[in-house]
Amino acid sequence: MRQTTEAFRSRYRANVHPLYNPWLHGAFVLLFGLGAITLFWSTVHQIQPLEWLALPVALLFFNAGVYLVHRHLGHQKKTFARVFYARHTGDHHSFFAPGHMTYDSPRDWRVILFPAWLIVLHTLIITLPIWWLFSQLDTNVAGLVGGCLVLGYLAYEVFHACEHLPSHHPLTRLPWIRQMRRLHELHHRREMMQERNFNIVFPLMDYLFGTLYWEPEQDVPYLPSAPMTRMQHQIDIAGHPIDVLAYASTVTRWPEWHPSSLRINGQKGPLHAGARFEEDIRAGGRDGHLSWIVDEYLPGRRWVAQAQGDHGLSLILTYACEAEGDGTRFIRTLEYQFNGLGMRIANRLLLKRRIDNESAASMLALREMAEKHLALSAGVRA
């Protein structure tokens, strides 16, 4: 499955038009939507108490519409909706699979967001006629309903994008988004995508129709919501990004180049999403133990893992690679935090400086060891 997903991603990205601009795509949808909402709601004046009921009713209607379209057109082949089925089940569910639920760069928004023209079609073909019908009875109700139908569209786009954010993004720690991300991840399982979790923003229809499925994440390290200490170091390494990242994400080699890593209990070779391993460390002058889980591995681009350790320590480690001439710019980002007040104070006064020095030293050692390893591997192949 991993190789199939990565191969599909490579093919899909290669077929995206070189002039595609994800920022223009997102900006157009957002600005057109906000403009349409403003126009619809500008027709509203002196709303009566009963007219306010149009807001929840319209949002309920939209929630049901999303559920029905997603379930019966997005995951069932219908002749009149074959393009939507191909784009959703064919492209989106092939691009994003369990263990590969996050996008790599903004250009991947192409497979997350609806085509930019669809919000125009939604507004003119669906929302405008509904607004006109209601306006024959009550202009306030018509304006509220029209604005809510476009608002629902924008909410879908925003939440769906959040459900494919990298797991270390701050927005993923918000409770509502975190729960919907989990429901959406379960929906992306092959055996569930035609049966479970079709709502994107709020799972009301899934609950009412009996298609809501929840399964807690197992043994995922605790990530505190408070700001974390963040440090980033980078270095240029002679080697191809794929080879450099493969060496760095081979965790059994960490003790070779990182001064804080003492012992690793894990699989050899680059670790992919879902892999777990254990590490004994001495960081900032203190011994400890870390339990790791890999969140993401995009060969030659990015590797992300989370860990939970002693003294309430939680951390996120990100390796990123960029081609730099004939070599690689390797970027290491460490984010961590202690739960206890005492360790937070110790971190601010002493540990942070030591850990930063150790991280800087590890970059020099990484370059030396990686270049030796890559040169040796090249010699063996020759």
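**Stop 1: the second largest cavity**

Select F84, R87, H88, H92, V111, I112, L113, F114, Y156, E157 and H160: together these residues line the second largest cavity. Keep in mind throughout that you are looking at a predicted model. The volume of this cavity is about 110 Å³. Now colour helix 4 and helix 6, each of which supplies at least two residues of the lining. Helix 4 gives the most, with four residues.

**Stop 2**

Which space do V69, F114, L118, H122 and I126 lie nearest the centre of? They belong to the second largest pocket, which has a lining of 22 residues. To see what surrounds them, show helix 3 (54-72), helix 4 (82-95), helix 5 (117-135) and helix 6 (139-162), the elements that give two or more residues to the lining of this pocket. Helix 3 gives the most here, with six residues. The space in the pocket comes to about 730 Å³. Its lining has 18 nonpolar residues, along with three polar and one charged.

**Stop 3: two loop residues with positive phi**

Next, select Q46 in the loop between helix 2 (22-41) and helix 3. Phi of Q46 is near 45°, a positive value in a residue other than glycine. Then jump to N197, in the loop between helix 7 (175-187) and helix 8 (204-208). N197 is not a glycine either, and its phi is positive at about 55°.

Is Q46 buried or exposed? Q46 has 73% relative accessibility, so it counts as exposed. For N197 the value is 2%, and therefore this residue counts as buried.

**Stop 4**

You will see an open sheet of seven strands in the order 1-7-6-5-4-3-2, with antiparallel pairing. Look for the edges: strand 1 (229-237) and strand 2 (261-265) each pair on one side only. From one strand to the next, the twist averages 20°.

Bring back helix 9 (residues 241-248), which packs on the sheet. Helix 9 touches strand 1, strand 4 (286-298), strand 5 (302-309), strand 6 and strand 7. Its direction makes about 160° with that of strand 6.

**Stop 5: strand pairs, one by one**

Backbone hydrogen bonds are what pair the strands of a sheet, in a parallel or antiparallel way.

- Strand 6 (residues 313-324) and strand 7 (residues 327-338) are antiparallel and pair over 12 bridges. Select L315 to find Y336 opposite, in strand 7.
- Strand 3 and strand 4 run antiparallel, joined by eight bridges. Here I281 stands opposite G288 in strand 4.
- Strand 4 and strand 5 also run antiparallel, and eight bridges join them. Select W292 and look across to A307 in strand 5.

**Stop 6: the largest cavity**

How many cavities of 30 Å³ or more does the model have? The count comes to three. The largest of them has a volume of about 430 Å³. To centre your view on it, select I281, A283, L290, L313 and L315, the closest to its centre of the 30 residues that line it.

Two of these have already come up: I281 faces G288, and L315 faces Y336.

Now show helix 10 (254-257), strand 3 (276-283), strand 4, strand 6, strand 7 and helix 11 (341-381). Each supplies at least two residues of the lining of the largest cavity. Strand 4 has the largest share, six residues. Colour the lining by class to finish: 16 nonpolar residues, eight polar and six charged.

Notes:
Residues are numbered from 1 along each chain as its sequence is written. This is a predicted model: local features need pLDDT of at least 70, side-chain atom pairs count only at pLDDT 80 or more; totals for chains, interfaces and linings use all residues. Side-chain values use heavy atoms; hydrogens and water are left out. On a 1 Å grid over the protein atoms alone, a cavity is a set of points where a 1.4 Å probe fits but cannot get out, and a pocket is an open set with protein on both sides within 12 Å along at least five of seven lines; lining residues have an atom within 4 Å of a point. Grid points are joined across faces, edges and corners, and a volume is the space filled by probe spheres set on the points. Ala, Val, Leu, Ile, Met, Phe, Trp, Tyr, Cys and Pro count as nonpolar, Asp, Glu, Lys and Arg as charged, and the others, Gly among them, as polar. Two strands pair if DSSP finds at least two bridges between them. Axes are lines fitted to C-alpha atoms, for helices over the stretch in contact, and angles run from 0 to 180 degrees between N-to-C directions. Contact means heavy atoms within 4.5 Å. Buried means under 20% relative accessible area, exposed over 50%, partly exposed in between (1.4 Å probe, protein chains only).
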